[in-house]
Amino acid sequence: MNDYIYKTVSNEEERSLCDLEMRAFFGAEPYHNLLESPIKVEPSRSPFIKMRITVLHEGGSIEEIAEQAKFIELAGATFKVIAIDNYDPEGGAIMEYEDKRAVEREIGLRIRGKAEMRNPDSIFGVVRTGGRWRLGECAMGEAIWLKHNDKPRKYSTALSTRVARAVVNIAIPQTTGIKAIDPCCGIGTVLVEALSMGIDIVGREMNPLAAIGARENLAYFGYEAKVTLGDMKEIAEFYDAAIIDMPYNLCSVLGPEEKLEMLRSARNFARIAVIVTIESIDEIIEQAGFTITDRGTVNKGKFTRHVLVCRQSIRIC
């Protein structure tokens, strides 16, 4: 039995990015918004994980799982039970509203605690997957990235905080001991998201005004990170991961040779690069010495961003 069940939420335009982030975390994609894994991830790290259920009990029927719920002792604490929407071909169709309420009541009557619907001390989730019922304690995700929309410096072509957070997770699913860099950090959107997750990251920017804006935004949220002014081709230190949002606005259009030079320099200072681009640059990435190992997209109307996971290619002398 897997230890955790995650419920994800994404719209059609973000589905590819959500799947890419889940593959980075778990090596698997959600199936109808549910994903089972022994890997523990805090829900608030992801803009797409709505909740995580730590599985306590499982059974072949709701009656069996309800009997096991009697062993949950809350010592007077309050709780509520929620039945999770999902599609389980092995167990039947999605539960109707009344069926879910009946499941919640049957489980809730067995738990030794005080039911509280509005602000409970604990939330328990019950879900049917693979033809079996699972019951566990829920940890709910918090939309931390939304708070970062309220920053003093903004830029029209910058990544949204939601996309930036997903991109950081794709580049750095495991944070311990990782050193990262955003070598084209702009106003620091990626830096803010990474620092809010405790990631060791620095920024670099050629535009002096953007670099000032990045420092102001970091200070506004109480974060500290080194933001240096200069060309990424001058970076000498080596990093585990780089996040590169390729320049594309009217003031920073790059030709193929400039893009190649830019990405070749990235290969010299980063083992893994997650590259965000609005163009097809696969050939340039390969010429620069990277291999694309995974990819996804995020759409906004007719505007599409490509998110490419790139690792250093092995050079044969």
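Begin by selecting Thr189, which is found in helix α6, residues 189–196; helices (H or I, at least four residues) and strands (E, at least two) are DSSP runs, numbered from the N terminus. What you have open is a predicted model, in which local features need pLDDT of at least 70 and side-chain atom pairs count only at pLDDT 80 or more, while totals for chains, interfaces and linings use all residues. Residues are numbered from 1 along each chain as its sequence is written, and side-chain values use heavy atoms, with hydrogens and water left out.

Is Thr189 buried or exposed? Thr189 is buried, with a relative accessible area of 8%, where buried means under 20% relative accessible area, exposed over 50%, and partly exposed in between (1.4 Å probe, protein chains only). Now show what surrounds it: setting aside residues up to four places away in sequence, Thr189 touches Lys151, Ala158, Leu159, Ser160, Thr161 and Ala164, a contact being heavy atoms within 4.5 Å.

**The whole chain**

Zoom out to view the chain, which has 9 helices and 14 strands and whose C-alpha trace spans about 65 × 45 × 40 Å along its principal axes. Of the 317 residues in the chain, 50% are buried. Among the contacts with a separation of 6 or more, 72% are between residues 24 or more positions apart. If you colour by charge, you will find 40 positive and 46 negative side chains, with the centres of the two sets 2 Å apart; here Lys and Arg count as positive and Asp and Glu as negative, His and the chain ends not being counted, and each charge is placed at NZ of Lys, CZ of Arg, CG of Asp or CD of Glu.

Next select Phe25, which is found in helix α1, residues 15–26, and is buried, with a relative accessible area of 3%. Leaving out residues up to four places away in sequence, Phe25 touches Ile39, Val41, Arg45, Ser46, Asn169 and Pro173. To try the distance tool, pick the C-alpha atoms of Phe25 and Gly186, which are 161 residues apart in sequence and 26 Å apart in space.

Move on to Asn33, whose place is in the loop between α1 and β2 (34–37). Asn33 has a positive phi of about 75° although it is not a glycine, and at 32% relative accessibility it counts as partly exposed.

**The loop between β2 and β3**

Select Lys40, which lies in the loop between β2 and β3 and which, apart from its neighbours within four places in sequence, is in contact with Tyr4, Tyr6 and Arg52. The C-alpha atoms of Lys40 and Tyr6 are separated by 9.6 Å, although these residues are 34 residues apart along the chain.

Pro43 also lies in the loop between β2 and β3, and at 2% relative accessibility Pro43 counts as buried. Which residues is Pro43 in contact with, leaving aside its neighbours within four places in sequence? They are Ile49, Met51, Arg52, Ala139, Met140 and Gly141.

**Helix α2**

Now select helix α2, residues 62–69, in which Ile62, Ile65, Ala66, Gln68 and Ala69 are buried. Seen down the axis of α2, these buried residues fall within an arc of 160°, so they line one face of the helix; the arc is that of the directions from the helix axis to the C-beta atoms. An α-helix has 3.6 residues a turn, so residues three or four places apart point the same way. Display the neighbouring elements as well, and you can see that the buried residues of α2 pack against β3 (49–59), α3 (97–108), β6 (122–129) and β7 (132–140).

**Strand β4**

For a residue in a strand, select Ala75, whose place is in β4, residues 73–83. Ala75 has a positive phi of about 50° although it is not a glycine, and it is exposed, with a relative accessible area of 70%.

**The cysteines**

How many disulfides does a search of the whole structure find? The search finds 0 disulfides, a disulfide being a pair of cysteine sulfur atoms within 2.5 Å. Select Cys18, which is in no disulfide, since the nearest cysteine sulfur, that of Cys138, is 18 Å away. Cys18 is buried, with a relative accessible area of 1%, and Cys138 is buried as well, with a relative accessible area of 12%. To end the tour, return to Pro43 from Cys138: their C-alpha atoms are separated by 10.0 Å, and they are 95 residues apart along the chain.
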